[in-house]
Amino acid sequence: MTFACLCGALFLASHAFAGQEVDFNAIHFGNRDAQLVVEASVTMPRIRRLQPAAGPAFEGDAGNPLIGFATIDGKASRLHWQLDREASRVDGKSLALVYRDPAFRLTLSWEWQARGEHGPLEHTIRIENRGGREVWIPLQDSFTFRWKTAAQALQQLWIDKGAGEAPPVGTHLVDVGDGYHWFGESSAFAHPRKGEPREIIPYFLVRSKSETGDGWYLGVEFSGRIAMTLKRRGDMLEGSVGLNPEAGPFRTRLAAGGEFVAPTVFLGTTHGSIDEAGNALKRWIREAINDPRVLRDQTYPWTTNNSWGSAMAISDAQARRMIDDAATLGLEMFHLDAGWFRAVGDWHPDAKKFPHGLAPLADHTHARGLKFGLWVDWVQAGISKEKGALDVADPAIRDWLTTDPPPGWKPEEFKGLTIDIGVPAAKAWVAKEVNRLVREYKLDMLEHDGYVVAQGCDRADHEHATCDPKRVKKYSDDGFIWMDGPNSTDVSYHAARAYYDIHDGLRRDHPDLLLEVCNDGGRMVDFGSAAHADYFSIVDSYDPVSNRQAFYDASHVLPPAMLETYVKEWPAKRIENFRYMLRSGMMGWFTLMLDTTTWSKQQHGIARAELDFYKTTLRPLIREADLYHVGARADGKGWDGIEYFDAKRGRGVLYAFRGAETGAKSHTFPLHGLDAQRRYRLSFRDRSSADITRSGHEWTQSGATVELPIAESSELVLIEAL
Ligand SMILES: [Zn+2]
């Protein structure tokens, strides 16, 4: 309580805050795009203002509350947070306000970080138990807001995950009127629930509907169970972001010396169109979040063939046929999918299918000039008795399972029982096992599938909170045993952190390795996995329209090079349809998932030429250029398109697609990003039109007209400054 009476100019002058005098009523922190004015009151912090580079500020109307109680030995008591000015600090890159509760010996650090001169600011809250006893704490929101908005007409943007089938809407842009109430959820599961909203990529944007598009956005860098809310009452916007409090009540354990870290959120401001907001965010993700290794690698994203085109029937002989053919096509990676292993949980090659093991196959792949990638679902346990296998009957491993298997349980072909990697021994097993896989099988890429972050767990002796077993819903679906209970959020909290540790360890030990997040196809697309892996499978259906829909959605908020769509066998009667199929997967990370040895000579020739064009011309734009959604979201019937434009290099491309049902043989797409003063030549890759040269001003006025006489065909229009 002494701090309260010490407030005043004298105190501030004599107690410098990281070498400078600071007014604790108005601490300024931020970067060129977003400035915060923070009031560090004695008992809680408060954001007084969020000031964008342009446009009106958002005025904070409430404090940012800290958890109000904690529990020791089953007895809950109020916390009395007190600002520790000595321990708090601010500089150009970070701000940390430290609050302490002396009775519980808890320390809470309320932190902001500016990783770039531009882009959003990141916010993290850490709560540390410096006492000698175990403490239980309730949910600390990562971020809450209640601020006044100057603009009257507002809209909200959010994006669904492509999980499973591409969602019907995917990209939502909705008016935020008085009384508005929105709730968004993200986890690593994204179960389809009939008639209910889909899971979101944990992000939303609120912007003015006026020309200026002033607004702000929030995103979460976490793959556990997350909830986001937004409400409007008059000119007040309020909401919260963080771990999902449902089903709850949430509680988590702080061992003596232990720490709880609320999922990191990022908060940024925008000015301009939705695509301009997205492009700025994606630049920041590339520079601040992505592994610098992929920025240096000019061949990222790697063109890939995935063996799932042969499904579980893959074998050494078939893999070699696919690899040799992939090499003639100019593909850069062969990705061995499920079907290669002895049994679920027993991640050694099936001796019948791969009698020489995987290392010679990796050598063969490398000798053909390709990288070698591998599918593993490393959290799944089975019934194999082989040495090193995750066997559910082994008492030590049984202890890691999220639940006991029913009597007589057997795994499916590639689905077993999930272990809880939040258990330190389970995490250590996985870390060692994935290291062995990478080393012994000479991997350039490791993909994980399945659900690495457990949905629920009924064990009483794990790190996470336990709950009344009667309140845990246990059910079977799609070959998995699922659990869902009041402790699910805490289970996911521990497992997601363990998952990041495992991936970070792999990156440390194998700096050239790439990591793919599949997680049952597009269910773990979030900013936490973006920070701890290199690319995502964004949808689990692989036809041209699903691929374009999922790409349209996710490319609003994630770097397109990270967005992988699998191109599967699709009935292409004409060569134009074949190109349409390939190009529908060529806007981001391109992976074929078919047996190319079945292609005709003509299809081979076309595919080789398209891949060459992807590598030389499209890929540099996918890596570096801004992206504009210049058409409607694909519906397979009408026209749709995506434009890339790199203003620095004066180059871009328009992907144009004609659907199956439109009678219109031509369509005009708007063009964005061009300099009005410069002249640009548009050239049409399939020669559907002769080259045309106009000024940037003229192109912006006229748009680019593409003529495609055939249904389900495509064109790539190259834009070059002269
Ligand atoms: Zn558990």
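Guide: In this predicted model, Phe 645 stands opposite Gly 652 in strand E38. The two strands concerned are E37, residues 639-646, and E38, residues 651-658, which pair in the antiparallel sense over 8 bridges. In general, strands of a sheet pair through backbone hydrogen bonds, either parallel or antiparallel.

E37 and E38 belong to an open sheet of 6 strands, with the order E36-E37-E38-E43-E40-E41 and antiparallel pairing. At the edges stand E36 (626-628) and E41 (692-695); each has a single partner strand, so one side of each has no neighbour in the sheet. On average, and with direction ignored, neighbouring strands of this sheet are turned by 20° against each other.

Helices pack here as well. Helix H12, residues 544-554, touches E36, E37 and E38, and its direction makes about 45° with that of E37. Helix H13, residues 575-583, lies across E38 and strand E43 (713-721), running at about 65° to E43.

The ring centres are 5.0 Å apart and the planes stand at 85°, so the pair is edge-to-face. Phe 578 has 1% relative accessibility and counts as buried. Trp 599, at 7% relative accessibility, counts as buried too.

Conventions:
Residues are numbered from 1 along each chain as its sequence is written. This is a predicted model: local features need pLDDT of at least 70, side-chain atom pairs count only at pLDDT 80 or more; totals for chains, interfaces and linings use all residues. Side-chain values use heavy atoms; hydrogens and water are left out. Two strands pair if DSSP finds at least two bridges between them. Helices (H or I, at least four residues) and strands (E, at least two) are DSSP runs, numbered from the N terminus. Axes are lines fitted to C-alpha atoms, for helices over the stretch in contact, and angles run from 0 to 180 degrees between N-to-C directions. Contact means heavy atoms within 4.5 Å. Rings of Phe, Tyr and Trp (its six-membered ring) pair if their centres lie within 6.5 Å; planes under 30 degrees apart count as stacked, over 60 as edge-to-face and the rest as tilted. Buried means under 20% relative accessible area, exposed over 50%, partly exposed in between (1.4 Å probe, protein chains only).
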